[in-house]
Amino acid sequence: MKQTNFHTHTWRCNHANGSDEEYVLEAIENDFEVLGFADHCCWKYDSGFVPWIRMKEQEFPHYKSSIMNLKKKYAKDINIRLGMEAEYFPDKMDWMLDFCIDEDIDYLIFGNHYYQSDETGIYYGSIEPEYVQSYFDSCIEGMKTGMYAYLAHPELIMRNKYLGWNETVEIGFHRICQTAKELDMPLEYNVLGMMYNERYKVDAYPNSRFWKIASQYRNKAIIGMDSHQPFDLNKTNYMKALDNLSKYNVEIIDDIKRVDYLAIKAKKALNNLEF
């Protein structure tokens, strides 16, 4: 099994540190064979909203050129891929599809962080009970677009310290796992979350109850470092995550397919669909 990571952030999201090259060098030092950059994506906001937790649209050209230059520079040492972590914002998905085609994006990972859009300010990691169901509904809707390589930190809502395990949560996680199985979509075992759990003695994400449900469906699982600093690309933590994940009855994978966004657009046009 190869040691890979497709969940790497950069300073452009305003809550990560280090140069792009430092992440690459750290990955090589820690024996990663594949490093996928997936910084928090830019979106086009018709309202003029300026986000503070993601790269801006005008920053993307530098992001892309930096990653592609590093891909060429370190081609003999590591396989580098160009991706982004994106939410499912229904009214912006057509724009994102065209963006991925125009910019030749290798993949998106699905990080379901906000209700409808970050413009609402409603973060799923600290939501009120009335929004819990919408988290699961939007996960399912986003997964079915076919635009994402995998679902990142599927248990994000369990970061909410006021949200306990209940019937709504359990049914919702069953829905996610069943949909992932039907779509053959991997679910992420998040290493940054694992370290958070250990530090604060909680079971947020990765969540043990969730992975027991994933075991029932024999889901595919992939390890994501979710690195926000170069030293997050730590081999010891990767191996600890692999050991933890190996205790569940899931299929652990080490690679993802390049998403064919042109094919998605063609299919969407053929069926006259809207996301």
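This is a predicted model: local features need pLDDT of at least 70, side-chain atom pairs count only at pLDDT 80 or more; totals for chains, interfaces and linings use all residues.
Visitor: How many aromatic pairs does the structure hold?

Guide: There are 21 aromatic pairs in the structure.

Visitor: Let's take Tyr124 and Tyr135. What are the distance between their ring centres and the angle between their planes?

Guide: For a pair like this, read the angle once the centres are close enough to count: planes over 60 degrees apart are edge-to-face. Here the centres of Tyr124 and Tyr135 lie 5.1 Å apart and the planes stand at 75 degrees, so this pair is edge-to-face.

Visitor: Where in the chain do the two residues lie?

Guide: Tyr124 is in the loop between strand 4 (107-110) and helix 4 (132-143), while Tyr135 is in helix 4. They are 11 residues apart, and the pair links distant parts of the chain.

Visitor: Are Tyr124 and Tyr135 buried or exposed?

Guide: Both Tyr124 and Tyr135 are buried.

Visitor: And how do I read Trp211 and Tyr248?

Guide: With 40 degrees between the planes and 6.5 Å centre to centre, Trp211 and Tyr248 make a tilted pair. Trp211 belongs to helix 7 (residues 208-217) and Tyr248 to the loop between helix 8 (235-245) and strand 8 (251-253), so the pair ties together parts 37 residues apart in sequence. Trp211 is buried, at a relative accessible area of 0%, whereas Tyr248 is partly exposed, at 21%.

Visitor: Which residues form one aromatic cluster?

Guide: One cluster includes Tyr124, Tyr135, Trp211 and Tyr248, along with Phe136, Trp165, Phe173, Tyr189 and Phe210.

Visitor: Which residue lies over the face of Tyr196?

Guide: That is Arg159, at 3.8 Å from the ring centre of Tyr196.

Key. Residues are numbered from 1 along each chain as its sequence is written. Side-chain values use heavy atoms; hydrogens and water are left out. Rings of Phe, Tyr and Trp (its six-membered ring) pair if their centres lie within 6.5 Å; planes under 30 degrees apart count as stacked, over 60 as edge-to-face and the rest as tilted. Helices (H or I, at least four residues) and strands (E, at least two) are DSSP runs, numbered from the N terminus. Buried means under 20% relative accessible area, exposed over 50%, partly exposed in between (1.4 Å probe, protein chains only). A charge sits over a ring if NZ of Lys or CZ of Arg is within 6 Å of the ring centre and within 35 degrees of the ring normal.
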